[in-house]
Amino acid sequence: MEYFFLIIVSLTLYLVSKKINTLIFDQSNNILINTFIFSCFFLFIYLIFAYFFIFGLSSKIIAYIIICSIFLCSFLTRYEIINLVKNFKFKYIRNNKILSLAIILYFLLILFPAYDQDSLRYHLTIAKKINNNTFYINTWLDYIYMGAPEFINSFSLHLNFEKISSYSNFIFLFFIIFSNYYILKKYKVGSGILSGFIILGSPYLISLLSSQKIFLMPCYIVSYSLAYLYLEKKNLNIKILYLILSLSIFCVVTKPIFIPYLGLIGLWSLYK
C-alpha cells in the first residue's frame, strides 16, 4: 500500500514539475526539463532538513506538513494525474516484453528490506540518529562525509518508510528510459529502446536498487545536463542553465565524485 501512495506522490510531483516548467520555461513537453524540476524536490527536502538539523530543531512536524501538502495537491489535481498517466508512452515499454519483465523484477527488488552494510551502518543509521537527536553519540569519523541522502532518508524515516532511496533510484531508472526515448524522438540522436536494454542489463543496478543510497538521481542530473547543454547549445535558455548549475551543486553535496561534472558545467556557464 505504501508504494501505491509513493506512486501517487511521484505523479503529483511530476505534474507540478510540468506546471512549473510551463510557467517558467514554457517547455512542458520536455521530459528532461520536467525531470530536472522534479529533482528539485529532493534538493528542497535536503535544505529544509539540513537547516533543521543545524539549528537543533525537530523536523518531524515539517515532514508531515510536506507529505500532507503533497496529498492535498494530489486530491486537487486527481483528474490531471489520471490524464497524465493516460498520456505516458507506456506502449513503448509494453511492446517490449523483455524490457517490461526487467522493470517488474527491478521493482520487486526494491521491496526487499535493506541488507547491505553501507545502508545499515551508514545511510539509514545516520538518518535515524538525526531524528533521535543522538547524532553526536558514538560518532564515527566517516560521519563527516554525510550529505544529502542522509537528510532525505531522515525525512522518509519520519514517515515510517525507510526505502525512499531505493524507490528514488527506481523512479530515475524510468526517467532514463523515457528520456532516451524523448531524445531519439526530438533530436534524432541516441539508440532509444536499445539504450534501455543496455542500462537494465547492468549488474550494478541490482546492488543499487537494493541499497538505501541515492545515486541514480545525481547520475541522471549530470549526464543528461551535459547532453541537454550539447543538444541545445544553439538555443540554450539561460534560466535552464541556472537550474542545471544549481542541481549540479546539489549532486556534489550528494556525492563528491560529481565535482568534475560540476566543473564542466561551470565552465560551460562561463563560456555562455
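In which helix does serine 179 lie? Serine 179 lies in helix α9, residues 164–187, where helices (H or I, at least four residues) and strands (E, at least two) are DSSP runs numbered from the N terminus. The model is a predicted one, in which local features need pLDDT of at least 70 and side-chain atom pairs count only at pLDDT 80 or more, while totals for chains, interfaces and linings use all residues. Residues are numbered from 1 along each chain as its sequence is written, and side-chain values use heavy atoms, with hydrogens and water left out.

Serine 179 counts as buried because its relative accessibility is 0%; buried means under 20% relative accessible area, exposed over 50%, and partly exposed in between, with a 1.4 Å probe and protein chains only. Once residues up to four places away in sequence are set aside, serine 179 touches Ile31, Leu32, Tyr220 and Tyr224, contact meaning heavy atoms within 4.5 Å.

Not counting residues up to four places away in sequence, its contacts are Ile8, Thr12 and Ile81.

The packing of helices can be followed at α2 and helix α8 (residues 148–158), whose axes come within 8 Å and cross at roughly 85 degrees; such axes are lines fitted to C-alpha atoms, for helices over the stretch in contact, and the angles run from 0 to 180 degrees between N-to-C directions. The two helices, α2 and α8, are therefore roughly perpendicular to each other, on a scale where angles under 35 degrees count as roughly parallel, over 145 as roughly antiparallel, 65 to 115 as roughly perpendicular and the rest as oblique. On the α2 side the contact is made by Phe42, Ile45, Tyr46, Phe49, Ala50 and Phe53, and on the α8 side by Ala148, Phe151, Ile152, Ser154, Phe155 and His158.

Helix α8 also holds proline 149, which counts as buried because its relative accessibility is 4%. Leaving aside neighbours within four places in sequence, proline 149 is in contact with Ile214 and Thr254, and its C-alpha atom is separated by 10 Å from that of leucine 43, 106 residues apart along the chain.

Turning to charged pairs, the count comes to two salt bridges, each defined as a side-chain nitrogen of Lys or Arg within 4 Å of a carboxyl oxygen of Asp or Glu. One joins lysine 19 to glutamate 80, with the closest N and O atoms 2.7 Å apart, and this pair links distant parts of the chain, since lysine 19 is in helix α1 (residues 2–24) and glutamate 80 in helix α4 (residues 78–87), 61 residues apart. Lysine 186 and glutamate 232 also meet in a salt bridge, at 3.7 Å from N to O; lysine 186 lies in helix α9 and glutamate 232 in the loop between α12 (216–231) and α13 (238–254), so the pair ties together parts that are 46 residues apart in sequence. Lysine 186 counts as partly exposed at 41% relative accessibility, whereas glutamate 232 is buried, with a relative accessible area of 10%.
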